[in-house]
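Subject: Structure for your review

Dear colleague,

Please find the sequence and structure below, followed by an account of what was found. I would be grateful if you could read the two side by side.

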Amino acid sequence: MVIRMQDEGPPVITICPGLQPKVYPKDNVSKAIQVMVETGIGAVAVTDEQGKIIGIFTERDLLNKVLVKDKKTDEIIIGDVMTRNPIVGNPSWSVLKAIKTMAYYGFRHLPIVDDTGNYLCMVSIRELEKFITQIDIGVEPSEIIGGDWF
């Protein structure tokens with residue numbers, strides 16, 4: 001069964017949690033971890049002093065580039081371990097376009113930037129999932145899953 005949304009949903013910026021987790025390339029990994037913990041988002045944008053996004057640092061970067069190599073988080077500079085030139089979304093993108101982009105590339109966080117590259121917010125797959133669960137698709141859960149689960 002294919003379930004179709006009536007439209008592609010509102011602009012993704014409308015469901016951005018308003019959080020702008022960010023660090024600068026000269027910050028250390030400990031600072032990025034602190035920001036991720038404070039915001040509850042497992043990724044931070046890395047911006048220059050003007051607010052332009054130049055990278056992203058995620059939980060996966062922490063695991064694969066820092067912890068696995070037994071590096072100390074307060075001695076490693078974000079600019080050395082961030083993912084450079086990340087794929088970003090535009091605030092006018094639909095929710096569905098954001099979901100498709102994240103699914104296609106296999107990531108859980110999408111920085112949203114304006115037309116000049118200024119970082120606006122970070123949307124996570126968790127916020128997108130919450131939005132999707134609130135949509136009335138006109139189908140009962142048992143019809144999707146099958147059986148008497150509910």
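In this message, a residue counts as buried under 20% relative accessible area, as exposed over 50%, and as partly exposed in between (1.4 Å probe, protein chains only). The model is a predicted one, in which local features need pLDDT of at least 70 and side-chain atom pairs count only at pLDDT 80 or more, while totals for chains, interfaces and linings use all residues. Residues are numbered from 1 along each chain as its sequence is written, and side-chain values use heavy atoms, with hydrogens and water left out.

Salt bridges

A salt bridge here is a side-chain nitrogen of Lys or Arg within 4 Å of a carboxyl oxygen of Asp or Glu. The structure contains two of them. One joins Glu 59 to Arg 108, with the closest N and O atoms 3.3 Å apart. Glu 59 belongs to helix H2 and Arg 108 to the loop between H4 and E5, so this pair ties together parts that are 49 residues apart in sequence. Helices (H or I, at least four residues) and strands (E, at least two) are DSSP runs, numbered from the N terminus. Glu 59 is partly exposed, at 35% relative accessible area, and Arg 108 is also partly exposed, at 36%.

The side chains of Asp 61 and Lys 65 form a salt bridge as well, at 3.3 Å from N to O. These two residues are four apart in helix H2, which means that about one helical turn separates them. Asp 61 is buried, with a relative accessible area of 6%, whereas Lys 65 is partly exposed at 27%.

Strands are taken to pair if DSSP finds at least two bridges between them. Four strands make an open sheet in the order E1-E2-E3-E4, with mixed pairing. Strands E1 (22-23) and E4 (83-84) stand at the edges with a single partner strand each, so one side of each has no neighbour in the sheet. Strands E2 (residues 43-47) and E3 (residues 53-58) run antiparallel and are joined by five bridges. Within E3, Ile 56 stands opposite Ala 45. Helix H2 (residues 59-67) lies across E3 and E4 and runs at about 75° to E3; axes are lines fitted to C-alpha atoms, for helices over the stretch in contact, and angles run from 0 to 180 degrees between N-to-C directions.

Why is strand E5 described as largely enclosed by the rest of the structure? Five of the five residues of E5 (residues 109-113) are buried, which accounts for that description. His 109, Pro 111 and Val 113 point one way from the strand, and Leu 110 and Ile 112 point the other way. E5 pairs with strand E6 (residues 119-124) in the antiparallel sense over five bridges, and Tyr 119 in E6 is the bridge partner of Val 113. The hairpin of E5 and E6 has five residues between the strands, and Gly 117 in this hairpin takes a positive phi near 90°.

Helix H4

Thr 101 lies in helix H4 (residues 95-105) and is buried, with a relative accessible area of 12%. Its neighbours within four places in sequence aside, Thr 101 is in contact (heavy atoms within 4.5 Å) with Ile 87, Trp 93 and Phe 107. Tyr 104 also lies in helix H4, but this residue is exposed, at 67% relative accessible area.

Yours sincerely
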